[in-house]
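Here is a walk through one protein model, written for someone meeting it for the first time. Have a look at the structure, then read on.

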Amino acid sequence: MVKVTLKDGVHWVGVVDWNIRDFHGYITRRGSSYNAYLISDEKIALVDTVKGAFCNELIEHISEFTSLDKLDYIIVNHVEMDHSSSLPTIAKLAKNAKIFASVRGKEELIKHYGAEFERVETVKSGDTLKLGKKTLTFLEAPMLHWPDSMFTYLVEDKILMPNDAFGQHLASSGRFDDEVDENVLMDEAATYYANILTPFAPLIVKKIQEVVAMKLPIDMIAPSHGIIWRKDPMKIINAYLDWCTGKTVKHRVVIVFDTMWGSTDKMARAIADGIANEGVEVKLLKLRGTDNTDVVTEIVNAKVVLVGSPTLNNGMFPSLGSFLTYITGLKPRNKLWGFFGSYGWGGGAVRGMVRMAQEAGFEVIEPSIELKWVPTADELKKCFAFGQQIAQKAKA
Ligand code: FEO
């Protein structure tokens, strides 16, 4: 193992998952890592564990520094299984260690792994744990992104360990932001935010404001996935603030659609031409070729999202059902939503999509545009004009 030192006595002991390509439906083309940190002082603390399949690797990495029975404390920042499914094994081997989690974290650990976790000691915001010269401070972060979520701050070394927040699914031999391609790093950070943290944007802003108000000096942000931010930790904090508040939203339209026999495709292209004709950036994404993971990332910076579907069996095409289920759950803010589609006889796709969007509280542009069978030249002109109107909405 290459030893990775954050500061004197603070080491990364996590694992890199080079092979993962599907993280509960999130497509992880660049793999991921599960980061755990070992802090050695008069007392030794382990912050988080790793996915169960990699438990032996975690044990090997810890053993480079100490034997497990010398661990004094295990901090569980988050119970989701990519960070905790090694814990039952680690807890058995680290038989002298006290385990700390938030109140909700303790409840979830017991429900996931059984009554042996009744021994977990709970902590709340502001509680501290002395390791010797080093001190850990805890900061609850409920719903970022589970009820149990918690940040741990290493006071003397000025390292924030916020678990999932500020992470990225990025496998790499480098562990720090100055060791990887910055464009790749920010691309993966944005994808992670879009797919995991979008629903919690207001809570993220409040939590960042809380951390800023505490005046915690931060030399490093060490998340539980991907790269550690040390070159410029404020870069990712500012990026989150921008994404959460919609500051990066541009005069940009994303068209998400699918097609059976090409009619909805023709509509999408004519609408896109109308948008581009007004000088507004537009991007077409055909589902069944573009994964939902990438679509929601493209949407982060868009002002308007247009969604198009053919009618199949009186309803929307199945790929649109998947996309709308995903996006209405994520609830991105600061967007306008428009709908279009084609049908043969009774229709139903556009009606169903509009209903789903309205039920989710999305701001829907009315009217939608819907065409029967194959669009004529005149109907494509109407699509072009629809695109021009949408461009004005995007500019407003
Ligand atoms: Fe990386 Fe919420 O687990």
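M143 sits in the loop between β13 and β14; helices (H or I, at least four residues) and strands (E, at least two) are DSSP runs, numbered from the N terminus. Before going further: this is a predicted model, where local features need pLDDT of at least 70 and side-chain atom pairs count only at pLDDT 80 or more, while totals for chains, interfaces and linings use all residues. Residues are numbered from 1 along each chain as its sequence is written, and side-chain values use heavy atoms, with hydrogens and water left out.

Most residues other than glycine have a negative phi, and most peptide bonds are trans. M143 is partly exposed, at 32% relative accessible area (buried means under 20%, exposed over 50%, partly exposed in between, with a 1.4 Å probe and protein chains only). N163 also has a positive phi without being a glycine, near 55°. N163 is in the loop between β15 (159-161) and α5, and is buried at 4% relative accessible area.

## Two cis peptide bonds

L144 and H145 are joined by a cis peptide bond, with omega about 10°. H145 belongs to the loop between β13 (135-140) and β14 (150-154). The bond from E366 to P367 is cis as well, with omega near -5°. You'll find P367 in the loop between β22 and β23.

## The nonpolar cores

Now for the inside. A nonpolar core is a set of buried Ala, Val, Leu, Ile, Met, Phe, Trp, Tyr and Cys residues joined through side-chain atoms within 4.5 Å. The largest one has 94 residues, and I236, Y240, W243 and F323 touch the most other members. Which helix gives this core its largest share? That would be α5 (residues 182-197), with nine residues. There is also a second, separate core of 26 residues, with I39, I75, F100 and M220 among them.

Take F323 on its own. Setting aside neighbours within four places in sequence, F323 is in contact (heavy atoms within 4.5 Å) with V256, L287, N292, V295, I299 and V307.

## Rings that pair up

The whole structure holds ten aromatic pairs. Here, rings of Phe, Tyr and Trp (its six-membered ring) pair if their centres lie within 6.5 Å; planes under 30 degrees apart count as stacked, over 60 as edge-to-face and the rest as tilted. Y193 and Y240 have ring centres 5.5 Å apart and planes at 70°, so they make an edge-to-face pair. Because Y193 lies in helix α5 and Y240 in helix α7 (residues 233-245), the pair ties together parts that are 47 residues apart in sequence. Y193 is buried at 3% relative accessible area, and Y240 is buried too, at 1%.

Y240 also pairs with W243, this time tilted, with 5.6 Å between centres and 50° between planes. Y240 and W243 are three residues apart in helix α7, so about one helical turn separates them. W243 is buried, at 12% relative accessible area. Together, F166, Y193, Y240 and W243 form one aromatic cluster.

E188 is part of helix α5 and counts as buried, at 9% relative accessibility. Not counting residues up to four places away in sequence, E188 touches Y26, R30, Q168, H169 and L170.

V76 is in the loop between β9 (73-75) and α2 (81-84), and is buried at 6% relative accessibility. Leaving out residues up to four places away in sequence, V76 touches D48, L87, I99, F100, A101, L109 and M150.

## Helix α11 and what surrounds it

The buried residues of α11 (residues 349-359) are A349, V350, G352, M353, V354 and A357. What do they pack against? Their partners are β19 (304-312), β20 (315-316), α10 (318-330), β21 (336-343), β22 (363-364) and β23. After α11 comes G361, with a positive phi near 85°.
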